[in-house]
Amino acid sequence: MWDFLRPGRMASVDSGSPYKVTLTKRTPLISLTEQGAATGNLRVNLAWSMRAADFTPGRSAGSLLRNPLSVLKPQVVQAQGPAMVNVDLDLACMYELADGTKGVVQPLGNFFGDLHKPPYVETSGDDRFGSPSGETIYVNLDKKDEIKRLLIFVYIYDGTPAFDRTHAVVTLFPNTGPRIEIELDERAPQARSCAVLLIENRKGNLMVRREVKYVYGFQAELDRLYGWGLQWARGYKSKT
């Protein structure tokens, strides 16, 4: 409980990149309202790529001593073997509206949502292969007065738990102002889900808070962590 109540420092626009704000542990908060970005459609994008194993043949300490310039040579990532794992990251959103309505928007179960009527949240679909465009959720901020809170989260539907083997970034693209980035860069090798950020309507002030909390289960465990109170059942995707 104290984790949710403790104050956090507000993030500011990156001096080196005037169109980007990075939310971190030290600066986890930003106000979309104060940025003048609490209108129009907010685009939330998940993009990821696979990392090579931390240690691969040919990059041992001995080989680096024999050939120190090899560290400058890009690693060859094999399609199979210990350097790579199969992973399917999904972007999703739990919502709670001002009238008490609660639910989830996610590809699993075909809960795609709707941008123009409740819940005013919609997903673009399911990217199973980590394409450059990734997965996207849209939020209609013109209806922000009808939104109480949104929890944006990522989960691994199938395959090996591998958050520590992926480089994943969730980026918010407001209608105006800088984009907001949150990196999923913490080590959680056995986790299957991650609460990435919380969007809350605080008396008309739309706040974005970095969460990056990993859990070892799926949506039901995130639900318990944030007190959503939904009923969950196991879902399956159609085969590709």
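I began with the contacts in this predicted model. Among contacts in the protein with a separation of 6 or more, 67% join residues 24 or more positions apart.

Next I looked up the secondary structure. I found three helices and 13 strands in the protein.

I then checked burial and surface. Of the 240 residues, 47% count as buried. The accessible surface comes to about 13000 Å², and carbon and sulfur atoms hold 53% of that surface.

Strand 7 (residues 121-123) runs antiparallel to strand 8 (residues 135-140), with three bridges between them. On strand 8, Y138 is the residue opposite E122.

I went on to the nonpolar cores. The largest has 43 residues. L32, V154, F163, V170, L172, L184 and L197 have the most contacts inside this core. Elements giving two or more residues to the core include strand 3 (41-50), strand 8, strand 10 (166-173) and strand 11 (179-184). Strand 4 (87-97), strand 9 (147-159), strand 12 (193-202) and strand 13 (205-215) are also among them.

Last, I looked up F163. What does F163 contact, leaving aside its neighbours within four places in sequence? I listed L89, V154, I156, L184, A188, A191, R192, S193, C194 and Y214.

Technical notes: Residues numbered from 1 in each chain as written. Predicted model: local features only at pLDDT ≥ 70, side-chain atom pairs only at ≥ 80, totals over all residues. Heavy atoms only, no water. Helix = DSSP H or I, 4+ residues; strand = E, 2+ residues; numbered from the N terminus. Buried < 20%, exposed > 50% of the residue type's maximum accessible area, 1.4 Å probe, protein only. Contact = heavy atoms within 4.5 Å. Areas by Shrake-Rupley, 256 points an atom, 1.4 Å probe, with all protein chains shown as cover. Pairing = 2+ DSSP bridges. Core = buried A, V, L, I, M, F, W, Y, C linked by side-chain atoms within 4.5 Å.
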